[in-house]
Amino acid sequence: MRKRLIIRIAACAIFAALFFVFDLFSIKAGPFKISLSGLPIIIIALMYGPIDAMIVGFCGALLGQLIGFGLTPITILWLLPHVARGFFVGICRKWINIEEFKKCGKSIIKLTIVIIISSIIVTILNTLVMWLDSVVYNYYSYAYIWGALVPRFTTGIVTAVVYSIITPLIIIPIKKVIYIR
């Protein structure tokens, strides 16, 4: 039992660090961001559930915020989209059923639907935080925030499909090494 807990804590720490690294090396162009940073959250959510995934999203995003922008009054709000992704994918974990990834395409379709919805949630929350940031600090114009909303949704959905393709390829070997239940 203790060994499984140590493995679980270590996996969460490694995936939080992966989130930070993927976020650090993301492609940013104006309001658009293409990143693999959501992948570690999704994998932990499928392996261990919502609490662990929320912790991974929180710790990885907090590290990125502190190093990239420092501590501000709304730093915590920038963490919410990643925490929400972990929560949503984690609560859908049983519906997806990662045990069936090799056997049937139905679980892959379920995974794709869940990841696309989680990307829409992340885009909505990021947009709201950008808007709040513009109200508090006057960083962004409203045209910048709301004008790029449809392309940002499109980017999020395309990234979600990529996540859906990559996730089973990563989870199946990890599942063989780490006891997931």
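The model is predicted. Its largest pocket holds about 1000 Å³ of space. A nonpolar patch on the surface has about 650 Å² of accessible area together. A search of the whole structure finds one salt bridge.

**Largest pocket**

- The lining of the largest pocket comprises 41 residues.
- Nearest the centre of this pocket lie Asp 23, Lys 28, Lys 33, Trp 78 and Asn 126.
- Six elements are named as giving two or more residues to the lining: α1 (2-24), β2 (32-34), α3 (50-68), α4 (75-91), α6 (105-137) and α8 (149-177).
- Helix α6 gives the most, with seven residues.
- Sorted by class, the lining has 18 nonpolar, 17 polar and six charged residues.

**Nonpolar surface patch**

- The patch is formed by Ile 124, Leu 128, Trp 131, Val 135, Val 136, Tyr 142 and Trp 146.
- At least two patch residues come from each of α6 and α7 (142-147).
- Helix α6 gives the most here, with five residues.
- An α-helix has 3.6 residues a turn, so residues three or four places apart point the same way.
- Trp 146 sits in helix α7.
- Trp 146 counts as partly exposed because its relative accessibility is 38%, between the 20% and 50% cut-offs.

**Helix α2**

- Helix α2 spans residues 38-48 and is mostly covered.
- Eleven of its eleven residues are buried.
- The buried residues of α2 include Pro 40, Met 47 and Tyr 48.
- Ile 41, Ile 42, Ile 43 and Ile 44 are also among the buried residues of α2.
- Gly 49 follows α2, and its phi is positive, near 105°.

**Salt bridge**

- Side chains of opposite charge can pair when their charged atoms come close.
- Asp 52 forms a salt bridge with Arg 8.
- The closest N and O atoms of this pair are 2.8 Å apart, within the 4 Å cut-off.
- The bridge links distant parts of the chain, with Asp 52 in helix α3 and Arg 8 in helix α1.
- Asp 52 and Arg 8 are 44 residues apart.
- Asp 52 counts as buried because its relative accessibility is 11%, and the cut-off is under 20%.
- Arg 8 has a relative accessible area of 27%, so Arg 8 is partly exposed.

- Met 54 is placed in helix α3.
- Met 54 has a relative accessible area of 24%, so Met 54 is partly exposed.
- Met 54 and Ile 91 are 37 residues apart along the chain, and their C-alpha atoms are separated by 11 Å.
- Ile 98 lies in the loop between α5 (93-96) and α6.
- Ile 98 is buried because its relative accessible area is 9%.
- Ile 98 and Val 177 are 79 residues apart in sequence.
- In space, Ile 98 and Val 177 are 15 Å apart, C-alpha to C-alpha.

**Recap**

- Helix α6 gives the most to the lining of the largest pocket and also the most to the nonpolar patch.

Key:
Residues are numbered from 1 along each chain as its sequence is written. This is a predicted model: local features need pLDDT of at least 70, side-chain atom pairs count only at pLDDT 80 or more; totals for chains, interfaces and linings use all residues. Side-chain values use heavy atoms; hydrogens and water are left out. On a 1 Å grid over the protein atoms alone, a cavity is a set of points where a 1.4 Å probe fits but cannot get out, and a pocket is an open set with protein on both sides within 12 Å along at least five of seven lines; lining residues have an atom within 4 Å of a point. Grid points are joined across faces, edges and corners, and a volume is the space filled by probe spheres set on the points. Helices (H or I, at least four residues) and strands (E, at least two) are DSSP runs, numbered from the N terminus. Ala, Val, Leu, Ile, Met, Phe, Trp, Tyr, Cys and Pro count as nonpolar, Asp, Glu, Lys and Arg as charged, and the others, Gly among them, as polar. Patches are made of residues with over 30% relative accessible area and no salt bridge: like charges are joined within 9 Å, nonpolar side chains (Val, Leu, Ile, Met, Phe, Trp, Tyr) within 5 Å. Accessible areas come from the Shrake-Rupley method with a 1.4 Å probe; for residues, only the protein chains shown count as cover. A salt bridge is a side-chain nitrogen of Lys or Arg within 4 Å of a carboxyl oxygen of Asp or Glu. Buried means under 20% relative accessible area, exposed over 50%, partly exposed in between (1.4 Å probe, protein chains only).
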